Amino acid sequence: MPVIFVDYEAWTNSLSLKNEALLYSFGIIILLLLVIMVIVSLTKSKRLKTLQRINEVAEETNQLKNAFIANMTHEIRTPLNAIVGFTTMLAEMDNLDRETRMAFLKEINENKDSLLQLVNDLLDYSKIEAHTLEFNDEEVDVNALISEVCATENAHPHPTGMKVEFAEKLPQCRLVVDRVRFAQVISNLVRNALKFTEEGAVIIGCRRLSNNNFYFYIADTGCGIDEEGRRAVFERFVKMNYNIKGTGLGLAITKAIVEHYGGGIGVESKKGEGSTFYFTLPAGVEYKEYGKF
């Protein structure tokens with residue numbers, strides 16, 4: 001029988017290498033398991049944070065909804081009550097003099113306008129949310145349009161006799177925009193300024209920036225806005241003073257219209273020192289073929 005010789009040293013080395021390979025394999029498996037556990041833990045943590053954020057957003061949305069319903073109920077009921085009350089008095093009181101009747105009619109018209117503005121704001125914002133707000137662009141003489149807005153607002157006397165003044169204008173300012181929407185932007189900003197200004201002035205101006213973009217501003221001498229208010233003022237349903245009429249949608253609608261044309265909007269203000277609301281429009285909206293006007 002042949003004798004088999006075993007190289008003990010080689011066998012030992014081979015066994016040692018196999019053991020090392022097994023140890024490396026186990027080490028890699030354990031490392032992979034640890035990595036998987038970390039990934040699962042991070043994923044779970046991220047999922048929990050996402051769910052927490054979703055719950056926070058849902059709660060915030062619910063609060064906004066409740067505030068909106070409460071605000072709209074008040075805003076709708078107030079002018080309706082006034083309209084019904086003054087209409088009833090006109091119908092039932094035969095001995096009213098002309099002056100009193102005209103005063104009642106004035107109250108009815110003002111509350112009718114408030115109710116109509118509220119409905120229009122709600123319709124516009126619903127269209128903005130659905131991306132269906134229409135824009136019919138045309139050549140608009142902005143100087144003339146702003147002057148018309150000033151005349152319209154000044155036709156409704158302010159209790160302190162304050163007037164809206166178009167103080168700074170460009171020699172020519174003709175833009176390709178939607179006339180109704182641009183007037184809406186100016187009107188919203190002017191009315192917002194008038195709401196919070198008891199005395200002093202509301203000034204409108206327009207100038208060109210160094211990059212040729214258009215810069216419009218509405219400055220007032222009203223109560224001003226603090227830092228927190230400045231951050232939230234263009235958000236939907238936000239009102240700086242819930243004792244003042246309004247839907248809290250006017251500035252949000254204004255922002256959406258300005259951004260549709262590639263512009264930006266902002267406010268500079270200090271509490272007790274008045275506010276300057278401004279917006280910019282890109283130079284590209286300028287209508288340059290003046291001879292066609």
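**View 1. The buried residues of helix α2 are Phe104, Ile108, Asn111, Leu115, Leu118, Asp121, Asp124, Tyr125 and Ile128.** Here, buried means under 20% relative accessible area, exposed means over 50%, and partly exposed lies in between (1.4 Å probe, protein chains only). This is a predicted model, in which local features need pLDDT of at least 70 and side-chain atom pairs count only at pLDDT 80 or more, while totals for chains, interfaces and linings use all residues. Residues are numbered from 1 along each chain as its sequence is written, and side-chain values use heavy atoms, with hydrogens and water left out.

**View 2. Helix α2 covers residues 98–129.** (The expected span is 1.5 Å times one less than the number of residues.) At the N-terminal end, look for aspartate 97, which caps α2 with a side-chain oxygen 3.1 Å from the backbone nitrogen of glutamate 99.

**View 3. Histidine 131 follows α2.** You will find histidine 131 in the loop between α2 and β1 (137–141). Its phi is near 60 degrees, a positive value in a residue other than glycine. Histidine 131 is exposed, with a relative accessible area of 73%.

**View 4. Asparagine 212 sits in the loop between β4 (202–208) and β5 (214–220).** Phi is positive for asparagine 212 too, near 75 degrees, and this residue is not glycine either. With 42% relative accessibility, asparagine 212 counts as partly exposed.

**View 5. Helix α4 takes in residues 179–195.** From first C-alpha to last, the 17 residues of α4 reach 24 Å, close to the 24 Å expected at 1.5 Å a residue. Of these 17 residues, 13 are buried, so α4 is largely enclosed by the rest of the structure. At the start of α4, a side-chain oxygen of aspartate 178 comes to within 2.9 Å of the backbone nitrogen of valine 180.

**View 6. Helix α3 (residues 142–154) packs against α4.** The angle is about 45 degrees and the axes are 10 Å apart. (Axes are lines fitted to C-alpha atoms, for helices over the stretch in contact, and angles run from 0 to 180 degrees between N-to-C directions.) That angle makes α3 oblique to α4. (Angles under 35 degrees count as roughly parallel, over 145 as roughly antiparallel, 65 to 115 as roughly perpendicular and the rest as oblique.) The contact (heavy atoms within 4.5 Å) is made by Val142, Leu145, Ile146, Glu148, Val149 and Glu153 of α3, together with residues of α4 including Phe182, Ile186 and Val190.

**View 7. On to the pair formed by α4 and helix α6 (residues 250–260).** These helices pack at an angle of about 145 degrees, with axes 9 Å apart. Their contact involves Arg181, Gln184, Val185, Asn188, Leu189 and Asn192 of α4, while Leu251, Ile253 and Ile257 are among the α6 residues taking part.

**View 8. The whole chain has six helices and seven strands.** Helices (H or I, at least four residues) and strands (E, at least two) are DSSP runs, numbered from the N terminus. Starting there, the elements run α-α-β-α-β-β-α-β-β-α-α-β-β. Of the chain's 293 residues, 33% count as buried.

Definitions and conventions: A polar contact is a pair of N or O atoms within 3.5 Å; within protein, one must be able to donate a hydrogen and the other to accept it, and residues adjacent in sequence count only if both atoms are side-chain atoms.
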